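Me: I am new to this structure and would like a close look at one part of it. Could you walk me through that part and how it sits among its neighbours?

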Amino acid sequence: GNLHLQLNQIDQAIKDCRDAIEILKKGLGHIHPEVGRAMMRLADIYNYHSIGDWESDKDTARSLYQASLIPLSETFGSVNPHLALANNSIGIIYALKNDTKNAMKSFYDALVGYGVKTRADDEESSCTPLSSDVFFVWINVGDLHSKRNEWQLALRSFQKACNLFRSLNDS
């Protein structure tokens, strides 16, 4: 699928990815990390290379990201970057559709996937993993809190992103 995608042959890239997913499922089983990652690749095509109706492409991408969660979480557990990335992508799609409730849940699931403790009572004992991906998730969370006029929560989220960014610069 990657070659056809580079050649901007989106329909063929989608067909290749779908074929690859079926082959992987038959050879490795439905609950295998490569199946989950292949679903994410296909979801990315729908998400970033619109082939038709924007709304239906985003819905297809979201469904594929959601389907990838099962093999990724069953294989790697709840803390893994692939699972976190899929949840962040789901959250972005929900946010684009103004579904802030599901977007927020997906972003917090992404933070958990990156190993971030998100509850205030765990905050002092937790150490936020240094990752630019975590920085962007906190920005997404802050944006959603701002849209919901939850100013204190937005400020807290942006502060977490800022502190993380400073830590990334220092490392």
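This is a predicted model: local features need pLDDT of at least 70, side-chain atom pairs count only at pLDDT 80 or more; totals for chains, interfaces and linings use all residues.

In which hand of crossing does α2 pass α3?

Reply: To your question: the crossing in which α2 passes α3 is left-handed. The two helices pack at an angle of about 165°, and their axes are 9 Å apart. That angle makes α2 roughly antiparallel to α3, since anything over 145 degrees counts as such. On the α2 side, the contact is made by Ile10, Ala13, Ile14, Cys17, Arg18, Ile21, Leu24, Lys25 and Leu28. On the α3 side, the residues are Glu34, Val35, Ala38, Met39, Leu42, Ile45 and Tyr46. Sorted by class, this contact holds 13 nonpolar and 3 charged residues, with no polar ones.

Now to α3 itself. This helix covers residues 33-48, which makes 16 residues. From its first C-alpha to its last it reaches 22 Å, close to the 22 Å expected at 1.5 Å a residue. Its buried residues are Pro33, Val35, Gly36, Ala38, Met39, Met40, Leu42, Ala43, Ile45, Tyr46 and Asn47. What do these buried residues pack against? Their partners are α1 (2-6), α2 (10-28), α4 (54-76) and α5 (81-96).

Arg41 lies 20 residues from Ala61 in sequence, and the C-alpha atoms of Arg41 and Ala61 are 9.6 Å apart in space.

Ala61 belongs to α4 and takes part in the contact of α4 with α3, so let us turn to that pair: α3 and α4 are roughly antiparallel to each other. Their packing angle is about 160°, with 8 Å between the axes, and the crossing is left-handed. From α3, the contact is made by Pro33, Gly36, Arg37, Met39, Met40, Leu42, Ala43, Asp44, Tyr46, Asn47 and Tyr48. Among the residues that α4 brings to the contact are Asp57, Leu64, Tyr65, Pro71, Leu72 and Phe76. By class, the contact of α3 with α4 has 14 nonpolar, 5 polar and 4 charged residues.

The crossing of α5 and α7 is left-handed. Here Asn88, Ile92 and Ala95 of α5 meet Val137, Asn140, Leu144 and Lys147 of α7. That contact has 4 nonpolar, 2 polar and 1 charged residues.

Both α5 and α7 (132-147) are also among what covers the buried residues of α6. Those buried residues are Ala103, Met104, Ser106, Phe107, Ala110, Leu111 and Gly113. Helix α6 runs over residues 100-113, and its end C-alpha atoms are 19 Å apart, which agrees with the 20 Å its 14 residues should span at 1.5 Å a residue. After α6 comes Gly115, with a positive phi near 85°.

Note on methods:
Residues are numbered from 1 along each chain as its sequence is written. Side-chain values use heavy atoms; hydrogens and water are left out. Helices (H or I, at least four residues) and strands (E, at least two) are DSSP runs, numbered from the N terminus. The expected span of a helix is 1.5 Å times one less than its number of residues. Buried means under 20% relative accessible area, exposed over 50%, partly exposed in between (1.4 Å probe, protein chains only). Contact means heavy atoms within 4.5 Å. Axes are lines fitted to C-alpha atoms, for helices over the stretch in contact, and angles run from 0 to 180 degrees between N-to-C directions. Angles under 35 degrees count as roughly parallel, over 145 as roughly antiparallel, 65 to 115 as roughly perpendicular and the rest as oblique. A crossing is left-handed if the near helix is turned anticlockwise from the far one by less than a right angle, and right-handed if clockwise. Ala, Val, Leu, Ile, Met, Phe, Trp, Tyr, Cys and Pro count as nonpolar, Asp, Glu, Lys and Arg as charged, and the others, Gly among them, as polar.
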